[in-house]
Amino acid sequence: MRLFPKRTEKKTYDRSNQKPVIKASICNGEQVAGFKDIHTGKFEEVMLIRRAEDLETFKIMYGIEGEIAKEY
């Protein structure tokens, strides 16, 4: 039990030009959360997703609601 809980810092991203995406490896199942540029297709990695809690942390950090698309 922690006396002071860890705060999740709110961050922002360019909602008009980027969309949240999870890149998943077919070989080993590794997943990386980040943002894909809608126009160029360039992917910007933000964090490694090891378990469901990591995905929830990513969503809370950037204020994302709903499901995030997966790309292989």
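How many salt bridges does the structure hold? There are 2 of them, and you'll meet both below, where a salt bridge means a side-chain nitrogen of Lys or Arg within 4 Å of a carboxyl oxygen of Asp or Glu.

A quick note before the views. This is a predicted model, in which local features need pLDDT of at least 70 and side-chain atom pairs count only at pLDDT 80 or more, while totals for chains, interfaces and linings use all residues. Residues are numbered from 1 along each chain as its sequence is written, and side-chain values use heavy atoms, with hydrogens and water left out.

**View 1. The chain from start to finish.**
The protein chain has 1 helix and 4 strands, and reading along the sequence gives you the pattern β-β-β-α-β. Helices (H or I, at least four residues) and strands (E, at least two) are DSSP runs, numbered from the N terminus. Of the 72 residues in the protein chain, 29% count as buried. Buried means under 20% relative accessible area, exposed means over 50%, and partly exposed is in between (1.4 Å probe, protein chains only). Take the contacts in the protein chain with a separation of 6 or more: residues 24 or more positions apart account for 35% of them. A contact here is heavy atoms within 4.5 Å.

**View 2. Strand 2 and its two partners.**
Strand 1 (residues 18–24) pairs with strand 2 in the antiparallel sense, over 7 bridges. Strand 2 also pairs with strand 3, again antiparallel, over 6 bridges. To count as a pair, two strands need at least two bridges found by DSSP. Look at Gln31 in strand 2: this residue is the bridge partner of Ala24, and Gln31 also stands opposite Ile49 in strand 3. Further along, Gly34 stands opposite Glu45 in strand 3. Strand 2 is mostly covered, with 5 of its 7 residues buried.

The hairpin of strand 1 and strand 2 has 6 residues between the strands, and Gly29 in the turn shows a positive phi of about 80 degrees. In the hairpin of strand 2 and strand 3, there are 5 residues between the strands, and Gly41 takes a positive phi near 85 degrees.

**View 3. The nonpolar core.**
Which residues make up the largest nonpolar core? Its 11 residues are Tyr13, Ile22, Ala33, Phe35, Met47, Ile49, Phe58, Met61, Tyr62, Ile64 and Ile68. The elements giving two or more residues to this core are strand 2 (31–37), strand 3 (43–49) and helix 1 (52–62), and helix 1 gives the most, with 3 residues. A nonpolar core is a set of buried Ala, Val, Leu, Ile, Met, Phe, Trp, Tyr and Cys residues joined through side-chain atoms within 4.5 Å. In soluble globular proteins, nonpolar side chains tend to be buried together. Zoom in on Ile68: leaving aside its neighbours within four places in sequence, this residue is in contact with Pro20, Val21, Ile22, Leu55, Phe58 and Lys59.

**View 5**
The structure holds 5 aromatic pairs. Rings of Phe, Tyr and Trp (its six-membered ring) pair if their centres lie within 6.5 Å; planes under 30 degrees apart count as stacked, over 60 as edge-to-face and the rest as tilted. One of these pairs, Phe35 with Phe58, is tilted, at 5.6 Å centre to centre and 40 degrees between the planes. That pair links distant parts of the chain, with Phe35 in strand 2 and Phe58 in helix 1, 23 residues apart. The rings of Phe35 and Tyr62 have centres 4.9 Å apart and planes at 70 degrees, so this pair is edge-to-face. Phe35 lies in strand 2 and Tyr62 in helix 1, so this pair ties together parts 27 residues apart in sequence. Are Phe35 and Phe58 buried or exposed? Phe35 counts as buried at 2% relative accessibility, and Phe58 is buried with a relative accessible area of 0%. Tyr62 is buried too. Tyr13, Phe35, Phe58 and Tyr62 form one aromatic cluster.

**View 4. Charged side chains.**
Lys36 forms a salt bridge with Glu71, the closest N and O atoms being 3.0 Å apart. Lys36 lies in strand 2 and Glu71 in strand 4 (residues 69–71), so the pair ties together parts 35 residues apart in sequence. Lys36 counts as partly exposed, at 22% relative accessibility. Arg51 and Glu53 also meet in a salt bridge through their side chains (3.5 Å, N to O), and Arg51 is exposed, with a relative accessible area of 51%.
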